[in-house]
Amino acid sequence: MQFMLLFSRQGKLRLQKWYVPLSDKEKKKITRELVQTVLARKPKMCSFLEWRDLKIVYKRYASLYFCCAIEDQDNELITLEIIHRYVELLDKYFGSVCELDIIFNFEKAYFILDEFLLGGEVQETSKKNVLKAIEQADLLQEVKTHRIKYETIVFSL
Amino acid sequence: MALKMVKGSIDRMFDKNLQDLVRGIRNHKEDEAKYISQCIDEIKQELKQDNIAVKANAVCKLTYLQMLGYDISWAAFNIIEVMSASKFTFKRIGYLAASQCFHEGTDVIMLTTNQIRKDLSSPNQYDTGVALTGLSCFVTPDLARDLANDIMTLMSHTKPYIRKKAVLIMYKVFLKYPESLRPAFPRLKEKLEDPDPGVQSAAVNVICELARRNPKNYLSLAPLFFKLMTSSTNNWVLIKIIKLFGALTPLEPRLGKKLIEPLTNLIHRNADWNLCFCVAVLISLSSGMPNHSASIQLCVQKLRILIEDSDQNLKYLGLLAMSKILKTHPKSVQSHKDLILQCLDDKDESIRLRALDLLYGMVSKKNLMEIVKKLMIHVDKAEGTTYRDELLTKIIDICSQSNYQYITNFEWYISILVELTRLEGTRHGHLIAAQMLDVAIRVKAIRKFAVSQMAMLLDNAHLIASNTQRNGICEVLYAAAWICGEFSEHLEEANQTLEAMLRPKVTTLPGHIQAVYVQNMVKLYASILQQKEQSGEKEAAQEITQLMIERLPQFVQSADLEVQERASCILQLIKYVQKLQVKEVPVAEEVIALFAGELNPVAPKAQKKVPVPEGLDLDAWINEPPSDSESEDEKPKTIFHEEEQRHSRHRQPEIDEEELARRREARKQEQANNPFYIKSSPSPQKRYQDTPGVEHIPVVQIDLSVPLKVPGMPMSDQYVKLEEERRHKQKLEKDKKKKKQKKEKRGKHHRHNSLHTESEEDIAPAHHVDIITEEMPENALPSDEDDKDPNDPYKALDIDLDKPLADSEKLPVQRHRNVETLKSPDAEVPLEEKKSKKPKKKEKKHKEKERDKGKKKEKEKKVVEEEEEEGKKKSSKHKKKKHKKEKEEKSKDKKKSKKKSHHSEEEPPQSVQNGTLDDEPLPPMSSYRLLAENPYIKMTYDIQGNLQNDSQVTVSVIFENKSTSFLKSMELNVLDSLNTKMLRPEGSSVHDGIPVPFQLPPGISNEAQFVFTLQSIVMAQKLKGTLSFIVKNDEGSTHEKLDFKLHFSCASYLITTPCYSDAFAKLLESGDLHMSSIKVDGISISFQHLLAKICFHHHFSVVERVDSCASMYSRSIQGHHVCLLVKKGENSVSIDGKCNDSTLLSNLLDEMKETLSKC
């Protein structure tokens, strides 16, 4: 997979993950172009489109479009499956996820994605394992954030 | 100080966090930009603070802003600061920010190397994980090179969480640093059989991706993957494996056949993923199944069902799969033409494009016209330029494929091309033009027709070129002008065409087209001139000359240099012709001679294929290159010395201009490289003005609502009808012939004739078409390399993986300079010493004699050679010594030495007793057990307890070189368990191996000892390990590996300790020993041998022996007493044991049972 984009129906980017190194300028250009093309497609059309020399696989969940770019030889259906799996993961983590969850906790959305995919390849196929890793890492983080808050209180007293 | 901190933290409470920022942005919809710039200012302030939490918060906000499209590259350094935070909370944010905004151009990225290395070796797996994840996004060639070894080590990390990440990231590393592939590949291959499914799937992913690009290097892995495919239940992995096989089957057709069965099983196995598999299988195997037309037929039928489905996704995939099958089995797909054409009407562009792809392979001579006709209708209907352009290129592709194979009527094709010129706003004008040129040049028979069509195009050029939006299509005028000029002899009304070319409007065309116009109007002019002169119309000839002279000046004024130059040159020529014409000299012949000769089509790759003549070295310097010290402006002087001087004399001021320009250029360069210089980018408006001749072109608006129909242009449709009629006629004729034939040959060829149906080949072309093949240079070298893209990043990974690893291919490992001073025996050290120490000595001697550099080098070489010889001698000496030793030992043994010796690999018969056992000869025994063996090396080992240290054992391993090569750089490594660990030199990690402190010449064996520490000794242990070594012979050196399992039996923790019978009796009486017993049946060897075996293999000593009963004793390194009472029955042996530890005892007895049962 080359990259993954999440954007809203209004064309606002909600998440972007690039597995190929590109300059910011190129990224912006690609994003703009793709968001336009995908949004222009009607709901009943198929989830695949060819764009430059890549294949774009996208799917709409509620108001959010999940859009992946894969190479010519990659399997489209498995990419749809990846998107779906990611949505499931987000759903499990946030508890019936909505767009706002991803907006306000965008770093968490990234962390989940990073546990699921690495370098554009599926890293962990088990949902349970992904969530476990995230939870444990969060635990590590939470403990420390609590500690910081505690320190703050001590100092401000 | 404290107050400051308090203040800092209070301030921080008022800082915006990410949520506040997001909320703020949502609340400032009207003035978002202003709000964000305000936020960025705040963030900049926050980044200046020392508190890492504040910084992390700021970086987190920046990451969000980056997603919104704001540039945050200025904060790269701060991101690195946050990455290096010790707390995971912050580190995580830092790495996230880095992975989002770092790329190869980020200059601070090299500062991260050490930080990442530190994080990779962090004890916290999540630190390592987050570093790996981040690295996967921004790995650069430098990072890949520096960290490859660290990541490779992580591939064998104890935690699967790290292992799988490390395996996956290796793919990125390979891409950036292809040299790492070979050293890392063996370990990667190992991971295919990792116990953790996640790691396994990661390894499959990586190898599959690698193999997809260069499948031939991975053919040897096919059996392994086959096994995985039949055993794995993970659908994600299976899909990847199928994909891999898809890449492999074309190379190994037998594989395809073998795969059919397991794959069909897979499809049936689970319904949910059925479809996914179907498509994957079809796609991967369609290319690999040679003679399965029946199954292919079935596939195609199933696909038809998919395509007819209302679900657009299925339709798309059906078409996609169909196109894969098409490549190998075009016929079976062709029957579904109706369906495909139907898909062309689909609302969805993706599906239409897929269908178009399919059409490409479906055409035949019979249906080409029909299909293209349909496409032309679509071209007219199509909305949106992209799809229309796609249609256009497809039409051209379809028609021109395999050298115009399917075109029977080129007149039709030319008219199709002409019709395509009516397309508005296409980008592919040049494509149409190229086709026109190609056809006109290569199909001689069509030239007359082509010329007439092109003349018409030129006549109506105003329609094509008038609209500025349509200037893509005006490229066809380039072709039209050239064809009319080059083949002007076919032109009927040359005068009219010439006039059309001389119209003032022509000057609005792009420069390169005008240039072709100018050049070709002379050709036209020449042929007209000849025609008129031959028919004696002198006045007409002069008229045409006059016309040229009148109209050419408009081109002379052209801003385009090419046009100007050609025009002025030709104008002068024609003026001269005019002079001659006035004198009534016939000139046509001479003018026409300017363009004599025929142009032949040359293959596009012809130039590349011209073989280099023998003895020509293209890389050799023609002139010696100027030395680097010379500055640039000196260079021309040395070569064109005189000229330069003349220039400077005559044109002093211009030189100054040049110089100024040069300086300006230099300054620009400097500024471009100076990060502190703010560059002025040319505004778009300005650029527009710079382009010459765009604005002052008079644009004539024409009413486009009127359908463009060029008068007199033949419509391609009429050819379709004509063709049908023609075919019908042909058929009739053929039928007649057949009937005749039947009459003539009735009987004999009866069958043959009845089977004779109209096949594609029977359609005779309308014209006799002679397609000239493209010319290639003589003795051109055929090569396949033309098609490869030199910039393909995967090309570098085309590496033979089966070749053993060479010495030089080791991954660079970061070491401290003083590595030699480390006390750990390093295999490389002796090598280095060899090279550095000894030559020094000899050098000293030589220095006095000769100081010539070249000779010194030679000497050094010699020295090294001598060294090697010395080494050999040494080793042979060593060998001799060894033999001596062995002999000595043998003799010692004969003298009833009581202690065993572990220092030779084949122990001679030993007496192990303090009893009276010597009278009977004992069979040879060796305490050294086989550890592992391969064609190069054999390892045997023995484990001895250490009396001084109750938690250590020494493992002596004998390495025997079985090959004829030199073995070196041996390194032994084991995977430690919780209980048993190899003792490594301080500072080395648990994944480092221990170098074997010697090298092995052919046939030599030597022993090395490794110390292991253990906690509990009551249980036997097994440790997995690997010996890696380098095999060096005349052909080069290769890297080899040998895996082994080190078995720590409980007996190896015992130390043979003599014990007197009274002490033994006391021990038994003390009563704090646990008891256990075993009985082994079927013992045939003598009691004496039996005892000897127990003594030898289990480290016991006989305390007392009475007839067929003996008491034995041993002690463990941790002080456990073990007492045995061995009784021999007729055919059985019973052993009663007592020991402080019941587990140890039962394990010991089990081991003994095993030894005895072998007797």
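Q: Which residue of S7(B) stands opposite B:Gln952?

A: B:Thr1013 stands opposite B:Gln952. The model is predicted.

Q: What makes strand S3 of chain B and S7(B) count as paired?

A: Two strands pair if DSSP finds at least two bridges between them. Strand S3 (residues 952–961) of chain B and S7(B) have 9 bridges.

Q: What makes strand S5 of chain B and S7(B) a pair?

A: The cut-off is at least two bridges. Strand S5 (residues 980–982) and S7(B) are joined by 3 bridges, so they pair. They run antiparallel. Within this pairing, B:Lys981 is opposite B:Thr1013.

Q: Which strand of chain B pairs with S3(B) over 9 bridges and contains residues 937–945?

A: That is strand S2 of chain B, and the sense is antiparallel. One bridge links B:Gly945 to its partner B:Val953 in S3(B).

Q: What holds paired strands together in general?

A: Backbone hydrogen bonds do, in parallel or antiparallel pairing.

Q: What is the order of the 5 strands in the open sheet of chain B?

A: The order is S1-S2-S3-S7-S5, with antiparallel pairing.

Q: Why is one side of S1 and of S5 of chain B left without a neighbour in the sheet?

A: Strand S1 (929–933) and S5 stand at the edges. Each has a single partner strand, so one side of each has no neighbour in the sheet. From one strand to the next, the twist averages 30 degrees.

Q: Why is strand S7 of chain B called largely enclosed by the rest of the structure?

A: Buried means under 20% relative accessible area. In S7 (residues 1005–1014), 7 of the 10 residues are buried, so the strand is largely enclosed.

Q: Why is S3(B) also described as largely enclosed?

A: Here 9 of its 10 residues are buried, so the rest of the structure largely encloses S3(B).

Q: Why does B:Glu1007 count as buried?

A: Its relative accessibility is 15%. The cut-off for buried is under 20%. The value falls under that limit, so B:Glu1007 counts as buried. This residue is found in strand S7 of chain B.

Q: What makes the link between the side chains of B:Glu1007 and B:Tyr928 a polar contact?

A: The distance is 2.6 Å.

Q: Which strands stand at the edges of the open sheet of chain A?

A: The order of its 5 strands is S2-S1-S5-S4-S3, and the pairing is antiparallel. Strand S2 (13–18) and strand S3 (48–51) stand at the edges, each with a single partner strand, so one side of each lacks a neighbour in the sheet. The twist averages 20 degrees from one strand to the next.

Q: What makes strand S1 of chain A and S2(A) a pair?

A: At least two bridges are needed. Strand S1 (residues 3–8) has 5 bridges to S2(A), so the two strands pair. They run antiparallel. A:Leu13 in S2(A) is the bridge partner of A:Phe7.

Q: What stands out about the phi of A:Ala62?

A: Most residues other than glycine have a negative phi. A:Ala62 is not glycine, yet its phi is positive, near 50 degrees. A:Ala62 sits in the loop between strand S4 (54–61) and strand S5 (64–70) of chain A.

Q: Where is A:Ser96 placed?

A: A:Ser96 lies in the loop between helix H2 (76–94) and helix H3 (99–104) of chain A. A:Ser96 has a positive phi too, of about 45 degrees. Its relative accessible area is 57%, so A:Ser96 is exposed.

Q: How many cavities of 30 Å³ or more are there?

A: The count is 3. The largest cavity has a volume of about 170 Å³. Its lining has 18 residues. Those nearest its centre are A:Phe111, A:Asp114, B:Arg92, B:Val130 and B:Thr133. By class, the lining has 9 nonpolar, 4 polar and 5 charged residues.

Conventions. Residues are numbered from 1 along each chain as its sequence is written. Chains are lettered from A and ligands numbered from 1 in the order in which they are written. This is a predicted model: local features need pLDDT of at least 70, side-chain atom pairs count only at pLDDT 80 or more; totals for chains, interfaces and linings use all residues. Side-chain values use heavy atoms; hydrogens and water are left out. Buried means under 20% relative accessible area, exposed over 50%, partly exposed in between (1.4 Å probe, protein chains only). Helices (H or I, at least four residues) and strands (E, at least two) are DSSP runs, numbered from the N terminus. On a 1 Å grid over the protein atoms alone, a cavity is a set of points where a 1.4 Å probe fits but cannot get out, and a pocket is an open set with protein on both sides within 12 Å along at least five of seven lines; lining residues have an atom within 4 Å of a point. Grid points are joined across faces, edges and corners, and a volume is the space filled by probe spheres set on the points. Ala, Val, Leu, Ile, Met, Phe, Trp, Tyr, Cys and Pro count as nonpolar, Asp, Glu, Lys and Arg as charged, and the others, Gly among them, as polar. A polar contact is a pair of N or O atoms within 3.5 Å; within protein, one must be able to donate a hydrogen and the other to accept it, and residues adjacent in sequence count only if both atoms are side-chain atoms. Axes are lines fitted to C-alpha atoms, for helices over the stretch in contact, and angles run from 0 to 180 degrees between N-to-C directions.
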